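Morning, everyone. Please bring up the sequence and the model, and keep both in view while I talk.

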Amino acid sequence: MQVWMVLLIIAVVIIAVLAILYFVGNKLQKKQEAQRAQLESAAQMYSMLVIDKKKMKMTEAGFPKMVIDQIPKRGKIAKVPVVKVKIGPKITPLLCDELIYDQVPVKAEIKAKVSGIYITEIHTLRNVAPPQEPKGFFKKFKKKTIEASRNVSGRK
């Protein structure tokens, strides 16, 4: 075999892989937009007192057994942003969106949009200093990619 034939075969394989990734990515993006729309339709505003916030495993966060049973294995192992809040007389752990996790103040009262056990937006902060920008290359890169995915899906 000649060198140009080997390069041609490699180029065809790379183009095929990129095409497959493109179509799979579009399919996943549409699925994510549909899930976002469901979250938005079920969201309600709550006034809550933030007690604590941490990134921890779902099994350690104190969610009910019914919630933990519905999570896939990969989700049980991954660390997610969890915010413990007091809504009325009840203390509840809630999941938080990655983008707004850094904005959530500890030991402060906020008004937030909650969809199920998921905090999607913060609307009102009382007596809170502005959040600090993430330090480090990877944290800034992660923040930019999350913001870009939100802008593509139409949510800001």
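Let me start with a definition. A residue is buried under 20% relative accessible area, exposed over 50%, and partly exposed in between, using a 1.4 Å probe and protein chains only. Here is a case. K107 has 69% relative accessibility, so K107 counts as exposed.

Now, what are we looking at? This is a predicted model: local features need pLDDT of at least 70, side-chain atom pairs count only at pLDDT 80 or more, and totals for chains, interfaces and linings use all residues. Residues are numbered from 1 along each chain as its sequence is written, and side-chain values use heavy atoms, with hydrogens and water left out.

The overall picture next. The protein chain has five helices and five strands. Both are DSSP runs, numbered from the N terminus: helices are H or I with at least four residues, strands are E with at least two. In sequence order the pattern is α-β-α-α-β-β-α-β-β-α. The radius of gyration is 21 Å, well over the 15 Å that the globule rule gives for 156 residues, so the protein chain is more spread out than a compact globule. That radius is taken over C-alpha atoms, and the rule is 2.2 Å times the number of residues to the power 0.38. Along its principal axes, the C-alpha trace spans about 75 × 35 × 30 Å.

How much of the protein chain counts as buried? Of its 156 residues, 24% do. The protein chain exposes about 11,500 Å², and carbon and sulfur atoms supply 63% of that. Those areas come from the Shrake-Rupley method with a 1.4 Å probe; for residues, only the protein chains shown count as cover.

On to contacts. A contact means heavy atoms within 4.5 Å. Take contacts between residues at least 6 apart in sequence: 57% of them join residues at least 24 apart.

Let's visit some residues. Find F63, in the loop between strand 1 (44-57) and helix 2 (65-69). Its relative accessible area is 7%, so F63 is buried. Leaving aside neighbours within four places in sequence, F63 touches M58, I68, V82, P93, L94, L95 and I117. F63 and V83 are 20 residues apart in sequence and 11 Å apart in space, C-alpha to C-alpha.

Next stop, S115. This residue lies in strand 4 (residues 108-115). S115 is buried too, at 8% relative accessible area. Which backbone oxygen does the side chain of S115 reach? That of L39, at 3.1 Å. Beyond four places in sequence, S115 is in contact with L39, A42, A43 and T120.

Now D97, in the loop between strand 3 (90-96) and helix 4 (98-101). D97 has a relative accessible area of 4%, so D97 is buried. The D97 side chain makes a polar contact with the side chain of Y118, at 3.4 Å. A polar contact is a pair of N or O atoms within 3.5 Å; within protein, one must be able to donate a hydrogen and the other to accept it, and residues adjacent in sequence count only if both atoms are side-chain atoms.

Q103 is partly exposed, at 37% relative accessible area. Q103 and I68 are 35 residues apart in sequence and 26 Å apart in space, C-alpha to C-alpha. Back to our opening residue: phi of K107 is near 60 degrees, a positive value in a residue other than glycine. Most residues other than glycine have a negative phi.
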